[in-house]
Amino acid sequence: MDALLAHWQVVLVAVAMMALDMLTGFGGALKQGVVMSGKMREGLWHKAGFCGLIVLTVAYEVGAKIINADVSQSMPGSDFTMPELPAVAAVCAIIALIEVVSILENLSALNPVIASLPFVDRIKAHDPSAPDVTVGIEDVDEMAFSGRSGQ
């Protein structure tokens, strides 16, 4: 269980990046005069999803350690173990990287010089007016039943 206590640093980094993203996003919207509560609410729901993912990975790691400890005590010599993966660290690293990209986009809105930096100009800016190309489960079911293959 001591190894789980070490994960608070990566969780703190992920949470700090989420907070910095919200702060820079609000600053960029304020500068452009387009502060909208709907967009802020949507962003908060995304952050809530990230927090839920962190909680899920913590639950997995704790559960794996408890199950493995119980199995080793109740069934010595058993081959059954749950894999003890560094799920929290992996998920927090992914979240932090996602937030870095978003923060760079926000900083580019605050300062156009940042947008022209060599590593930042490669980030494709999000276009809210672009068509939504997300395929939902309903769309997949319709394609399967109609015999279409996504054309």
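Predicted model: local features only at pLDDT ≥ 70, side-chain atom pairs only at ≥ 80, totals over all residues.
**View A. Packing of helix α2 against helix α4.** Helix α2, formed by residues 8-32, packs with helix α4, formed by residues 87-110, at an angle of about 20 degrees. The axes of these two helices lie 8 Å apart. Because angles under 35 degrees count as roughly parallel, α2 is described as roughly parallel to α4. The crossing in which α2 passes α4 is left-handed. The contact of α2 with α4 comprises, by class, 17 nonpolar, 7 polar and 3 charged residues.

View B. Val-15 and Ile-95 are 80 residues apart along the chain, and a distance of 8.9 Å separates their C-alpha atoms.

**View C. The largest pocket and its lining.** The volume of the largest pocket is about 1300 Å³. Its lining consists of 34 residues, of which Gly-25, Lys-39, Ser-102, Glu-105 and Asn-106 are the closest to the centre of the pocket. Helices α2, α3 (37-74) and α4 are the elements that each give two or more residues to this lining. Helix α4 gives the most, with 9 residues. By class, the lining of the largest pocket divides into 18 nonpolar, 10 polar and 6 charged residues.

Notes. Residues numbered from 1 in each chain as written. Heavy atoms only, no water. Axes fitted to C-alpha atoms, helices over the stretch in contact; angles between N-to-C directions. Helix = DSSP H or I, 4+ residues; strand = E, 2+ residues; numbered from the N terminus. Parallel < 35°, antiparallel > 145°, perpendicular 65-115°, else oblique. Left-handed = near helix turned anticlockwise from the far one by under 90°. Nonpolar A, V, L, I, M, F, W, Y, C, P; charged D, E, K, R; others polar. 1 Å grid on protein atoms, 1.4 Å probe; cavity = no way out; pocket = protein on both sides within 12 Å on 5 of 7 lines; lining within 4 Å. Points joined across faces, edges and corners; volume = space filled by probe spheres on them.
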